[in-house]
Amino acid sequence: MRALLIIDVQNDFIPGGALQVPEGDHIIPIINNISSKFDVVVATKDWHPIEHKSFAKNHKKKEIGEIVELNGLPQILWPEHCVENTDGAEFVSSLNTEHIDAVFKKGTDPEVDSYSGFFDNDKRNDTGLNKFLTLKGVTEIYVAGLATEYCVKFTALDAKGCGYKTFLIEDATRGVNIKPTDVQNAVIDLKVSGIKIVNSKEII
Ligand SMILES: [Zn+2]
C-alpha cells in the first residue's frame, strides 16, 4: 500500500501568508494531479496555540530568525503562524481535499516545535500517524508539501526511521532557503538517508 503525505499546505505558508515559502502555491496543482493515485492520503497541519514558543513574539527581546534553546533543543524563532482555528492555519483553498483520508495536527504543545508529521522535535510525543499508516497496511510513503528543509525533511526522515520505503516528490515541495543552499542540502541529507528523490511525473 502506497501513501501520500501532504505536509502543511496551509495559508500561512504560501506567498502572502505569515511565514511564506517562495512559490509555495506552485506545488498545489501538482499535488492535486497525483492525490488520486495513492491508496491512502494523509495531510498534516501545523497547529499552534497562540503562546507557542516557536514564535519570536513569545520570547523577550528576541528577533525572528534567532536561535534559542527551548527545553534543551535548538529552536529557530519564527513569526507567529498557523495559530489554531485561524484562517492562516487552514488548508489553501485550491488544495483538493477530496482524497484526504485523515488530517494530523502537529505543534500543539507550546513547549516544543514539531517539524515532523510523526513526532515532536524532542521525539517524546507521537501524533498517531505511524499507527494510522500501519493499520492501513502502508509500506511506501511519498512526501510532498511545505517546507522542504523543515517539515517535509523531518517527516521523510521519520518515515524512513519507522521502516517505510520513503520517497520525496521533489517538484511537489518548496523551501524557505534562509541560506540559499538550505533546500539543496536538505535533499542531499534525504538521499544519504536512503530516501528516494522522484518527480511527480514518475507517479502513475
Ligand atoms: Zn510552526
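These notebook entries record what I looked up in the predicted model shown above.

**Ground rules**

I number residues from 1 along each chain as its sequence is written, and side-chain values use heavy atoms, with hydrogens and water left out. As this is a predicted model, local features need pLDDT of at least 70 and side-chain atom pairs count only at pLDDT 80 or more, while totals for chains, interfaces and linings use all residues.

**Entry 1**

Asp-46 belongs to strand S2 (residues 40-46) and His-81 to the loop between strand S4 (73-76) and strand S5 (102-106), so the pair ties together parts that are 35 residues apart in sequence. I take helices (H or I, at least four residues) and strands (E, at least two) as DSSP runs, numbered from the N terminus.

I then checked burial, where buried means under 20% relative accessible area, exposed over 50%, and partly exposed in between (1.4 Å probe, protein chains only). Asp-46 is buried at 3% relative accessibility, and His-81 is buried with a relative accessible area of 3%.

**Entry 2: cysteines**

I searched for disulfides, each a pair of cysteine sulfur atoms within 2.5 Å, and the structure holds zero. The sulfur of Cys-82 has its closest cysteine sulfur in Cys-151, 8.8 Å away, which is too far for a bond. For Cys-162 the closest cysteine sulfur is also in Cys-151, at 16 Å, again too far for a bond. Cys-82 is buried, at 0% relative accessible area, whereas Cys-162 is partly exposed at 27%.

**Entry 3: the largest pocket**

I worked on a 1 Å grid over the protein atoms alone: a cavity is a set of points where a 1.4 Å probe fits but cannot get out, a pocket is an open set with protein on both sides within 12 Å along at least five of seven lines, and lining residues have an atom within 4 Å of a point. The largest pocket has a volume of about 600 Å³. Its lining has 27 residues, and Ile-76, Tyr-115, Glu-149, Tyr-150 and Phe-154 lie nearest its centre. Strand S3 (67-70), S4, helix H3 (148-161) and helix H4 (182-192) each give two or more residues to this lining. H3 gives the most, with six residues.

**Entry 4: the cavity**

I counted one cavity of 30 Å³ or more. The largest cavity holds about 140 Å³ of space. Among its 14 lining residues, Phe-13, Leu-19, Trp-78, Tyr-150 and Cys-151 lie nearest its centre.

**Entry 5: aromatic pairs**

I paired rings of Phe, Tyr and Trp (its six-membered ring) if their centres lie within 6.5 Å, with planes under 30 degrees apart counted as stacked, over 60 as edge-to-face and the rest as tilted. The whole structure gives eight aromatic pairs. One of them is Phe-38 with Tyr-142, edge-to-face at 5.3 Å centre to centre and 65° between the planes. Phe-38 sits in the loop between helix H1 (28-34) and S2, and Tyr-142 in strand S6 (residues 140-146), 104 residues apart. Phe-38 and Tyr-142 are both buried. I also noted a cluster in which ring pairs link Trp-78, Tyr-115, Tyr-150 and Phe-154.

Methods: Grid points are joined across faces, edges and corners, and a volume is the space filled by probe spheres set on the points.
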